[in-house]
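Please examine the sequence and the structure shown below before reading on.

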Amino acid sequence: MTQVPQPIIQAEDVSMTFRINTSRTNSLKEWFISKAKGKLKYENFAALGHVSFEVMPGEVVGILGRNGAGKSTLLKVISGIYRPTSGKVVTRGRIAPMLELGSGFDYELSGADNIYLNGAILGFDEKFLKARYDEIVAFAELGEFIAQPIKTYSSGMVMRLAFAVATLVEPEILIVDEILSVGDVAFQKKSHDRMMSMMQGGTTVLMVSHNMQQIRELCQRCIWLDHGTVRMDGPAQEVCDAYISYLEGGGT
Amino acid sequence: MTQQTNPSARRWTLPRRLAAYTALFLAVAALFAWIVHDDWSRTAVSTAAPSRGAVLPELTAQSEISQTFTVGADELNALWLDCSQWAAPAEEPVRLALSEAATPDAAPLLTWEVLPADFEPDALTCLTLPQPVVGRRGQTLRLTLKAGGGLSFWGGTSIKTGRFSAVMQEIGELRVGGEAHEGSLVLRQQGVNRLRAMQFFWPVAAALWAAGLGLILHTDRCRREGRPSLILQAEAVWERYAYLLKTLVVRDFRVKYKASVLGVLWSFLNPLLMTCVYYVVFSTLFHSDIDNFPAYLMSGIIIFNYFSDATNLGLHAIVGNAALITKVYMPKFIYPLSKVLSSAVNLVISLIPLMIVMLLSGVVPHKSLLLLPLALGFLLIFCVGMALLLSAAMVFFRDIQFLWGVMLTVWNFLTPIFYPESIIPAALQGLYHCNPLYQFIFFVRSITIGGISPTPITYLYCLIASLGTLAIGWAVFRRTQDRFVLYL
């Protein structure tokens, strides 16, 4: 392996255009009728336009922008959920997207089974998960409930388990979309500490948040997205200041 | 992506891998050759008899009966005749003769005698030829019967045909007392056809071995030179997602029988109960036409049920996992594949009651049973192809789910599951052969109930149906998968 550090995320000229089917056909009959009438119209919507940036290993990057600026789309493109219309994204390492916690859970299965299921969905193997199992259960503070189906859990318990699985498995890249308030005050503190220690431990983090204080506290660097393009990319404090004055100025 | 160094790959050096591959290939080929050798060299055939019409005039010293027919087998061993009950049969034996129809004056090929008492009244009686008629397939022969009286035979009208070890026969002119008579004798031929398939077995096997060898060498070169290769990509995906696949299959299986008292026992009971229902409903209709009706029914039901389960679950695999697909990246084909595999677990379990029913109904397991994994493999690949196709189509057109329900019902009736193949009109037989499920069910029935390997043409049908469907399904899935998230 080379000694020169390579960027862990590389986005090169990424554009994402959604083709919105304005006639909203999703039945065969409608599709045939629209096709026959020549009414099958599409409208293009550019969610991202020519976005380029690089993230080095260990960096904690915040992504700022107003609603609809393309933040979530960018995270999904980097996670590999969306394939960009043009340009390319290169990532080196295992990505844990915390876009919506617990989306891989099966509510009929026990907490224990769900740890393995969700872990497998995130791309980990059995041996790794077995080794971390006790740690995950302890962190989620589930105790004996771990053998119960998670449909019997409170929503806070489900969230705790999801957070424990997503963060304890130590991904190389963590993608976070507004999830930092999980559970009660005590667990919020714990999860906050956990995030902090992961960032210090070298995990690369890409996070979206509207909580400016949190961004200033956690991130070294920020990328400000505006209407799908990068408006500013630099040290967190500078970008946050610029963004806030932009918002106070009425967002123009 | 970084190149992963796999310790097990390093231990398996190339010469070792090639040796292991060759040994495995030889073992499998030899096992396969042993299983199919007899069935691919000779195949027992019998023609379907014409259905009964009216009873022909009594066979007397004055009125001999003669019937021409086209020989349907390489070796004709026996003829079956349908004798009708008559007043006390004469003591005098029935004299039978086989001669060439084209040269009526030449000496007959065969003559033999059968005592009238040996004819079973009102049933087909097997008359074994004193020696087989060899090498006259396709030629027209004339069967002549002479007797002192007291016997008569059923005449027949239309000919019923079926593929299950039956071949077509042409029945020609019937003469009674030297004069042409309407209809024909109810005549059935039984014999053996020779197949040349085994002659090509080892050359084809050698070609396949060489192709596999080439693939291994090519993949190895790609690995060393760091070039992209489909096999290497597949290997990487497998290494990373095998555990996920296993977890998803286990999940489906657990959730399926959660909160049911009998649990996994349902996988046993379901096919048994369905067989009972079908048996009660159809046994009076079709029972007499089918050997071992319970096992015949059950094998058809199990296979069709698997197809129906796998495609119905596969259909919803993408749409049903929308929450996951829009949040976490993983190869999307995992979802339909996991559904087809979790239904396969069920299929394997339901084979146990099938084996029990077979044994109870007196089927002796034959070495052909070893071909079952192959037959199920064809079926599985076919279902994966269908699930890929349907799950992709479902994303864009939600009414596929309703359409598919109707399609399944139609498909069920178009497949000989509870009815015999002989009721399929001869004109539609070609069309029936295009139904992949018919081929798979035929394959399974012949290796289980029939105790013989199907002829190579069935293997070819199954291979084309399964790989062709997989190729189409995969092509459609690949082309559309990037757009799934936009429609979910």
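**Salt bridges, interface and cavities**

Over all chains the count comes to 26 salt bridges, a salt bridge being a side-chain nitrogen of Lys or Arg within 4 Å of a carboxyl oxygen of Asp or Glu. One of them is formed by the side chains of B:K246 and A:E126, at 3.3 Å from N to O. Because B:K246 lies in helix 4 of chain B and A:E126 in helix 4 (residues 126-140) of chain A, this pair joins two chains. Helices (H or I, at least four residues) and strands (E, at least two) are DSSP runs, numbered from the N terminus.

The model is predicted: local features need pLDDT of at least 70 and side-chain atom pairs count only at pLDDT 80 or more, while totals for chains, interfaces and linings use all residues. Residues are numbered from 1 along each chain as its sequence is written, chains are lettered from A and ligands numbered from 1 in the order in which they are written, and side-chain values use heavy atoms, with hydrogens and water left out.

Between chain B and chain A there are 4 salt bridges. In one of these, the side chains of B:R254 and A:D113 meet at 2.6 Å, N to O. The contact (heavy atoms within 4.5 Å) takes 27 residues from chain B and 33 residues from chain A. About 2900 Å² is buried between the two chains, and carbon and sulfur atoms give 62% of this area. Buried area is the accessible area (1.4 Å probe) that two parts lose on being put together, summed over both.

On a 1 Å grid over the protein atoms alone, a cavity is a set of points where a 1.4 Å probe fits but cannot get out, and lining residues have an atom within 4 Å of a point. Grid points are joined across faces, edges and corners, and a volume is the space filled by probe spheres set on the points.

Which residues lie closest to the centre of the largest cavity? Of the 16 residues that line this cavity, they are A:P97, A:E100, A:G102, A:N118 and A:L122. Strand 5 (95-98), helix 3 (111-121) and helix 5 (155-168) of chain A each give two or more residues to the lining. Helix 5 of chain A gives the most, with 3 residues. The largest cavity contains about 120 Å³ of space.

Technical notes
On a 1 Å grid over the protein atoms alone, a cavity is a set of points where a 1.4 Å probe fits but cannot get out, and a pocket is an open set with protein on both sides within 12 Å along at least five of seven lines; lining residues have an atom within 4 Å of a point.
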